Amino acid sequence: MSLRGLSPAQVLARALEGDRHATGRLLTLIERGGEGADEVASLTHPMAKGAHVIGITGPPGAGKSTLVGQLIKEAVRHGARPAVLAVDPSSPLSGGAILGDRIRMDDPESDCFIRSIATRGHSGGLALAVPGVVRVFDACGFGPIIIETVGVGQVEVDITAAADTTVVVMNPGTGDAVQANKAGLLEVADIFVVNKADRPGANEVRGDLQIMLDLSHMTGREDHWGRRPPVVMLKSLEGTGFGELWNEIQTHIEFLGIGSERERRRHLRQRAEVEARIEQIVHQSVQQVLDSQEGGRVLERLRKLQDSPASAAKELARLLLGS
Amino acid sequence: MDQEQSRAQSRKRWQTEYDRAKLRDADWETMSGVPVEPIYGNAPYPGQYPYTRGVYASMYRSRLWTMRMFAGFGTAVDTNLRFKDILRNGGGGLSTAFDMPTLMGHDSDHEWSIGEVGKCGVAVDTLADMRDLFADINLGGVSTSMTINGPANIIMAMYIANAEETGTERSRLAGTIQNDLLKEYQAQKEYIFPPRPSMRLVTDLIRFTSTEMPRWHPVSVSGYHIREAGSTAAQELAYTLANGFAYVEAAVAAGIDVDDFAPRLSFFFNSHSDFFEEIGKFRAARRIWATWMRERYGAKDERSLLCRFHTQTAGVSLTAQQPEINIARVAIQAMAGVLGGTQSLHTDAFDEAMALPTEDAARIALRTQQIVAHETGVASVADPLGGSHYVEWMTDEMERRAEAIFAHLDELGGGSILEGVFAGIDNNYFTSEIANAAYRFEQKVNAGRRIIVGVNDFTEGDSEQRDLLRIDRTVEENQLKRLSNVKHDRDNSAVRSALDELVEVAQDSTLNTMPATIKAVQSMATEGEIVEALRGVFGTYVEKATM
Amino acid sequence: MSDRDPKEEQAIAEAAAYGPMRVILAKVGYDGHDRGVKIVARTLRDAGFEVIYLGLRQTTSDIVSAAQQEDADAVGLSLHNAGHMTLAPRMVEALREAELDIPVVVGGIIPDEDIPQLLDGGVAAILTPGASSDEVVRAMRDAILASNR
């Protein structure tokens with residue numbers, strides 16, 4: 001039976017029975033936003049099973065998808081049902097995107113789920129979509145949930161930072177550590193991976209990282225988190241060092257279980273989601289005010305140099321906030 | 001005064017070389033009876049370092065380029081008949097095309113092979129097929145070219161085993177096997193194992209032929225497929241030569257002296273439609289190779305410096321619209337190859353954009369070369385365009401662009417072109433650069449900034465339907481029967497132990513896999529079985545689906 | 001372009017209302033010629049499509065599985081060897097079996113005489129070498145719009 005004409009609730013029912021296309025359709029609804037997305041979110045929110053969320057990020061070309069591929073194979077081997085959300089940037093010119101390098105499972109029937117999405121230009125949309133996707137995966141019984149992003153933009157960094165465990169991947173010899181530092185990735189990493197560690201320059205990257213971590217120790221970050229992020233050396237093509245990464249993730253999961261760290265992170269995540277939603281609502285209201293008759297009048301005064309931008313904004317903001 | 005003296009000396013040296021060369025029996029004059037010199041212009045002359053103007057002093061006055069036509073389809077028996085036909089008609093070179101399953105290391109009974117057996121070339125599963133392919137042919141008296149890469153060593157082993165069974169020692173075998181794995185990852189995509197193990201197999205064959213098969217060319221470094229995949233001329237030039245340097249570095253690292261194998265490396269380029277760009281590319285290729293081999297790799301033997309190449313006209317330039325006009329394209333491209341100094345040439349058939357060439361179309365393609373050779377007069381003078389301001393500038397420009405790419409690869413590889421090429425494969429440098437170039441060209445065609453006659457201008461209505469060659473299914477049935485008979489008749493325990501031995505050798509990178517591969521094919525292990533055994537050691541390459 | 005055909009105007013409006021179209025591109029069979037499919041991927045991207053490129057030597061079950069998870073709006077199949085008469089119908093059938101109601105667009109060297117049979121067999125559109133960017137985009141867009149009407 002095709003999914004044509006089914007309501008979100010009906011699609012969800014099918015997804016819960018294990019229909020992958022139905023799960024895929026729920027994700028499309030989330031991605032498109034609007035009422036459909038809100039409905040899916042309301043339906044799935046109470047069904048949370050608390051799957052572990054792993055964020056994987058790093059500079060372009062760091063070998064993230066190879067790593068994610070191995071991670072889900074490992075998860076399947078341990079009897080888990082992993083799901084992956086791979087986020088790729090949309091072309092700023094056309095709005096289109098090429099979502100390449102979809103992870104290949106040797107067995108297409110493997111019990112895992114892989115979805116690629118494009119950023120679609122507006123960061124706010126992505127900030128809303130990702131928690132929605134996580135919720136759908138979680139409701140459908142997938143876990144761990146892996147979110148893969150290119151660690152270049154603030155939104156991408158924020159998204160992975162909101163994971164339970166954030167893994168930052170780097171390459172040897174390309175100044176990745178410095179770049180990652182600039183992008184704010186070092187601040188959010190729970191685990192570092194130096195990929196292609198058999199290449200020249202791998203130890204230098206490790207050295208750079210250790211120095212930076214030492215410095216962050218000086219700033220008190222380590223005290224705050226109670227943990228110094230480990231650096232895992234990975235030979236991605238040969239698949240060595242991988243067991244160590246898996247173990248480090250398990251160790252981190254255990255670490256999150258001690259005390260209230262996991263709860264704290266999830267609380268932050270929900271708070272960020274609500275914040276993004278408020279921002280979206282406000283953003284829409286702002287547009288409405290600007291498009292309104294009153295908005296037009298104020299902007300016209302501005303054009304005629306009868307008003308300053310600051311006072312125009314204040315006047316419209318008063319209108320917006322109803323005070 | 002010094003300069004003048006050295007010029008005179010160059011001229012004298014050239015003259016000595018030229019006088020020593022045996023010339024063809026032909027009149028060296030124009031069709032109107034004007035006598036012409038073998039060369040014009042200044043030193044360095046053809047046959048002199050850096051060989052920009054040609055690898056030999058007398059060029060086509062001694063020997064025309066080899067008019068090599070790629071053939072082969074159906075079963076080994078069918079192709080054998082074709083071969084004997086060629087030999088009867090005075091041809092001394094046999095060129096073998098293999099079908100897709102054979103190229104990918106799969107047997108004819110593999111689930112993917114259905115519908116592909118014998119289709120774009122001959123199917124070779126076991127030594128039995130190799131016996132059929134060369135039955136009643138004196139392998140000591142011919143030169144064989146085999147276009148295969150991933151399983152090259154296995155096919156080579158079968159060729160050697162068959163020759164020795166029929167009384168020809170391996171040292172007397174002459175020919176070329178393409179065996180250029182690097183361009184598979186960059187462009188043609190017919191790979192089996194990951195790059196590093198593939199490189200080890202290539203090096204094994206280089207080492208094996210350098211000691212046991214002095215007349216065999218173990219690698220034909222091929223830019224043809226890189227260009228077909230959409231690269232620019234400069235990319236084709238640079239990636240191909242970089243791959244050549246990578247093989248040199250790998251063989252030297254394996255302990256082989258550069259002059260022990262470099263003379264037997266050959267090249268294979270594409271000849272496309274932009275006439276002067278192509279000629280500049282060919283001339284630059286010779287200069288770059290000679291310079292790098294001498295300066296960077298310390299080659300002493302003059303033959304190590306020579307970039308000798310085969311050329312094929314650009315299949316990708318052929319249009320399905322108004323296919324007859326492809327004959328004109330092919331003629332122009334063939335001319336560029338000859339003016340660029342190629343050692344051999346394949347001209348495409350005009351109907352190849354749609355399917356395998358029909359016999360008529362293949363004949364016209366061959367005749368096109370013959371017109372260039374015998375009617376146009378271009379073969380009378382070596383490097384007739386040398387000294388043209390435009391051609392010399394284009395040659396320099398091609399070289400500059402290639403050098404910029406070498407510099408990038410050298411940096412990527414931390415001072416090693418070999419490592420740079422591996423890194424470029426790993427991070428999709430080659431594939432994305434090639435695809436971007438192809439897209440840029442396509443956009444220009446789309447915008448009408450580049451005219452393709454018959455496609456985006458000068459179009460006509462629907463062209464008439466032409467007869468296309470189709471292979472019937474009996475080929476596949478016969479081949480499957482052949483394979484199952486061989487498997488039935490052989491001693492499976494011998495197969496098992498031969499494969500076990502090969503695996504053991506493969507695990508030790510200091511050993512050469514060739515002798516064990518020969519033993520394996522002699523046990524009648526199939527190509528697919530040998531490949532599977534090696535996959536166990538080397539793994540399987542899966543390309544990243546990036547753009 | 002002011003005197004655009006009203007049908008084309010309507011298709012453009014429908015496509016805009018539809019939102020980003022998600023298309024799976026893949027190569028099936030042995031053939032490794034990916035120049036064409038990579039050009040098509042870039043062309044579609046630059047026309048606002050979201051392209052999920054699966055790469056070389058995909059099986060029909062790989063493609064079906066990806067189409068389900070990606071909730072793709074269409075599958076674009078690139079074929080270069082002579083396998084189009086077996087592989088394209090197999091793809092159509094596999095999608096049908098999985099109850100995926102999405103069009104298959106085939107690109108590659110397809111002799112004219114084979115086209116009617118492929119279209120009858122359920123292939124939505126066929127693109128042969130020399131197809132312009134506009135033709136590529138229009139074929140994909142119209143196939144998706146038609147299957148959603």
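Helix α15 (residues 417-426) of chain B contributes four residues to the lining of the second largest pocket, which is the largest share; helices here (H or I, at least four residues) and strands (E, at least two) are DSSP runs, numbered from the N terminus. The structure is a predicted model, in which local features need pLDDT of at least 70 and side-chain atom pairs count only at pLDDT 80 or more, while totals for chains, interfaces and linings use all residues. Residues are numbered from 1 along each chain as its sequence is written, chains are lettered from A and ligands numbered from 1 in the order in which they are written, and side-chain values use heavy atoms, with hydrogens and water left out.

The second largest pocket has a volume of about 1,400 Å³, and of the 50 residues that line this pocket, A:Pro60, A:Gly61, A:Ala62, B:Asn427 and B:Asn428 are the closest to its centre. A pocket is an open set of points on a 1 Å grid over the protein atoms alone where a 1.4 Å probe fits, with protein on both sides within 12 Å along at least five of seven lines, and lining residues have an atom within 4 Å of a point; grid points are joined across faces, edges and corners, and the volume is the space filled by probe spheres set on the points. The lining divides into 16 nonpolar, 19 polar and 15 charged residues, where Ala, Val, Leu, Ile, Met, Phe, Trp, Tyr, Cys and Pro count as nonpolar, Asp, Glu, Lys and Arg as charged, and the others, Gly among them, as polar.

In chain A, six of the six residues of strand β5 (residues 145-150) are buried, that is, under 20% relative accessible area with a 1.4 Å probe and protein chains only. In a regular strand the side chains alternate between the two faces of the sheet. For β5(A), A:Ile145, A:Ile147 and A:Thr149 lie on one side and A:Ile146, A:Glu148 and A:Val150 on the other, and both faces are covered. Strand β1 (residues 53-58) of chain A pairs with β5(A) in the parallel sense over six bridges, pairing requiring at least two DSSP bridges between two strands, and A:Gly55 has A:Ile147 as its bridge partner. Strand β2 (residues 83-88) of chain A also pairs with β5(A) in the parallel sense, over five bridges, and here A:Ala83 is partnered by A:Ile145.

In chain C, C:Ala131 is placed in the loop between β5 (125-127) and α6 (133-147), and this residue is buried because its relative accessible area is 18%. Residues up to four places away in sequence not being counted, C:Ala131 touches B:Glu442 and C:Val136, contact meaning heavy atoms within 4.5 Å.

Terms used:
Buried means under 20% relative accessible area, exposed over 50%, partly exposed in between (1.4 Å probe, protein chains only).
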